[in-house]
Amino acid sequence: MEDECCARAGHAALFAGFQQERFYRQSGARWAELARTARFVVVFADFGEPAEPGVLSPGEPPPGEPLTVRIPAGAPLRREWFLVCADRDHPAFVAAWEFPGGAGGPDSRRRFEALWSVDPPAVRDAALICARMARALSPGLEPVLAGLPDEAAAPASPDLHRAMGLLTRMTGYLDKRA
C-alpha cells in the first residue's frame, strides 16, 4: 500500500502502527520519503519516553516528517499493526492483530489475523479512529489532524466488494500454505 501511495504521488493522510519501534526504524527512510509528499504521516509504536529524540511532544510538529506517537505499555494496540491511507483517489487500509503467544519468538513465526478494505467509508472510519487515538496519546496533534473528512464517502461498488472478497480468500489460501 505504501508503494501505491508513492506511485500515485498522492497527498494522503497516512497512519501506521508498528507495535515495536525497531520495526518502524527498519523502514524509517521509507516513511520519511512518504512523509515528504503526504498531507501527514502518523506512526504508532512502543517508542521510549517523550523526551527521547524523534518522539513528538505536544506542540506544533515539524512539517514533512513522520509524527511518532508512543503506545503505552500494556495497551492492546501493542498487539496490532495497521496502515491507513486516507486519500480521496486511493483509500485503503489493512489492520492485523497478533495471535496470543507469538511475541518473544522469532519474527518469522509470528502469526496475525488481518482485515483490509478499499471501501471509502470503511477507510474514512479507520482514519478517524486513528486520529482519535493519536489525539488521545499525543494531545498536541490536534492542528495536524484537522481536516480529515467527516462526511460519509460513497461506498465501493458491488464489483469492488466482489474483488475484495476474492483477493481476501486467495491471500487466506496462500497464508495457510506458508
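The model is predicted, with local features needing pLDDT of at least 70 and side-chain atom pairs counting only at pLDDT 80 or more. Residues are numbered from 1 along each chain, and side-chain values use heavy atoms, without hydrogens and water.

**Gln 19**
- Gln 19 sits in the loop between strand 1 (13–17) and helix 2 (21–26).
- Its phi is positive, about 65 degrees, although Gln 19 is not a glycine.
- Most residues other than glycine have a negative phi.
- With a relative accessible area of 4%, Gln 19 is buried (under 20%; exposed is over 50%, partly exposed in between, with a 1.4 Å probe and protein chains only).
- Beyond four places in sequence, its contacts (heavy atoms within 4.5 Å) include Phe 44, Asp 46, Trp 81, Glu 98 and Phe 112.

**Nonpolar patch**
- Leu 166, Leu 167 and Met 170 make up a nonpolar surface patch with about 280 Å² of accessible area together.
- Met 170 belongs to helix 6 (residues 158–177).
- Met 170 counts as partly exposed because its relative accessibility is 43%.

Key
Patches are made of residues with over 30% relative accessible area and no salt bridge: like charges are joined within 9 Å, nonpolar side chains (Val, Leu, Ile, Met, Phe, Trp, Tyr) within 5 Å. Accessible areas come from the Shrake-Rupley method with a 1.4 Å probe; for residues, only the protein chains shown count as cover. A salt bridge is a side-chain nitrogen of Lys or Arg within 4 Å of a carboxyl oxygen of Asp or Glu. Helices (H or I, at least four residues) and strands (E, at least two) are DSSP runs, numbered from the N terminus.
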